[in-house]
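Please look through the sequence and the three-dimensional model shown here before reading on.

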Amino acid sequence: MSVAVQGSGPRTVVLMPGLATPEPILGFAPLARRLAEQNTVVTVEPFGLGLSDGTDAPRTSEAIVDETRGALRELGLDGPYVLMPHSVSGLYAMWWATDHPDEVAAVVGLDDERYTSDAAQGAPEWPRWMAGVNAVGGTRDLIALDRSTDYLGLVADYRESLGDADEYTPDQQDLYLRAYSWVLNPTVLDEMARGAENVQTAEGAVFPSTLPALSILAASSLEVEPEWESAHRASISNPAIQQVTVMGGHHYLFHAHAAAIAEMTQRFLDEHVQTQ
């Protein structure tokens, strides 16, 4: 498993990427750099993403969390951790916070996922037939098509959010988009196929009442998913230390708003999370 560690601060912040994010360490870099000024920041590339190996283990919330916990232990980084999940990793962070509450000091979500009735209905069919496309080497051509047509809808939001950011050169943006040529591997496709299962597991889940939690939602997500904001508010058990805020921008909001998110996060942690 590929993991990047920056900084040496008293809190350990764990950055958890969204589904099929091609290069999590590079994508999180501007945010990680800022957070590392006062914290120890760990960017995890789960199996199937970035430079990590693949795996045959089913991509359930439980498995992904246990693998990440194992990586942190192997690095000698003890909790409790500040989990900072993006997108689908919100489901995994919720699993972590409810099944291993002693290991989690806080959760700061980056447009992270919750249970919604739409997402729980069923996984898309294309991850299943994509395995056949991979077998004949057609993934690169399909991604090239998606870059111009948004046929799969994978590249569109990533491209737009990178385009809004000042910290990635045009060449870097192009390389990140090309990375989708290898991210649709069997490990990631299994995670996609189990999407509804993982969402269903989170139904009714709420944060422990003693756990500080901040959800930073992207305005664009509220426009396409009617339940997005209400689902996040439904996971609050203690409004005194659990908050939801909306930020203008795309789903990958940390590309263009790394400075604002880092400042907001640090302020929240200083207020609610004691250092060890």
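In this predicted model, seven strands form an open sheet whose order is β1-β3-β2-β4-β5-β6-β7, and the pairing is mixed. The strands at the edges are β1 (2–6) and β7 (242–247), each of which pairs on one side only. Neighbouring strands of the sheet are turned against each other by 15° on average, direction ignored. Helix α3 (residues 89–99) packs on the sheet, where it touches β2 (12–16), β4 and β5, and its direction makes about 155° with that of β4.

Several terms need their cut-offs here. Helices (H or I, at least four residues) and strands (E, at least two) are DSSP runs, numbered from the N terminus, and two strands pair if DSSP finds at least two bridges between them. Contact, or touching, means heavy atoms within 4.5 Å, while axes are lines fitted to C-alpha atoms, for helices over the stretch in contact, with angles from 0 to 180 degrees between N-to-C directions.

Residues are numbered from 1 along each chain as its sequence is written, and side-chain values use heavy atoms, with hydrogens and water left out. Because the model is predicted, local features need pLDDT of at least 70 and side-chain atom pairs count only at pLDDT 80 or more, whereas totals for chains, interfaces and linings use all residues.

Within the sheet, strand β4 (residues 81–85) and strand β5 (residues 104–110) run parallel and are joined by three bridges; Y81 has V104 of β5 as its bridge partner. P80 has its place in the loop between α2 (61–74) and β4, and the peptide bond leading from G79 to P80 is cis, with omega near 5°.

**The nonpolar cores**

In soluble globular proteins, nonpolar side chains tend to be buried together. A nonpolar core is here a set of buried Ala, Val, Leu, Ile, Met, Phe, Trp, Tyr and Cys residues joined through side-chain atoms within 4.5 Å, and buried means under 20% relative accessible area, with exposed over 50% and partly exposed in between (1.4 Å probe, protein chains only).

Which residues touch the most other members of the largest nonpolar core? Among its 28 residues, they are L31, M84, L110 and I261. At least two residues of this core come from each of β2, α1, β4, β5, β6 (213–218) and α13, and α13 gives the most, with six residues. Another core, of 26 residues, lies apart from it and includes L72, V88, W96 and V104.

I261 lies in helix α13. Leaving aside neighbours within four places in sequence, I261 is in contact with L31, M84, L110, I216, M247, L253 and F254. The C-alpha atoms of I261 and L31 are separated by 7.6 Å, although the two residues are 230 residues apart along the chain. L110, with neighbours within four places again left aside, has contacts that include F28, M84, I216 and F254.

Ring pairs link F28, Y252 and F254 into a cluster, and the structure holds three aromatic pairs. Rings of Phe, Tyr and Trp (its six-membered ring) pair if their centres lie within 6.5 Å; planes under 30 degrees apart count as stacked, over 60 as edge-to-face and the rest as tilted.

**Buried residues and polar contacts**

| Residue | Relative accessible area |
|---|---|
| Q266 | 9% |
| I261 | 0% |
| A20 | 1% |
| D111 | 0% |

Q266 lies in helix α13 (residues 258–272), and its side chain is joined to that of N39 by a polar contact of 2.8 Å. A polar contact is a pair of N or O atoms within 3.5 Å; within protein, one must be able to donate a hydrogen and the other to accept it, and residues adjacent in sequence count only if both atoms are side-chain atoms. Not counting residues up to four places away in sequence, Q266 touches R11, Q38 and N39.

A20 lies in the loop between β2 and α1 (24–35), and its phi is near 60°, a positive value in a residue other than glycine. D111, in the loop between β5 and α4 (126–135), has a positive phi of about 45° although it is not a glycine.

Why is helix α9 (residues 186–193) largely enclosed by the rest of the structure? Six of its eight residues are buried, so the helix is largely enclosed; the buried residues are T187, V188, L189, E191, M192 and A193. At the start of α9, a side-chain oxygen of N185 reaches to within 3.1 Å of the backbone nitrogen of T187.
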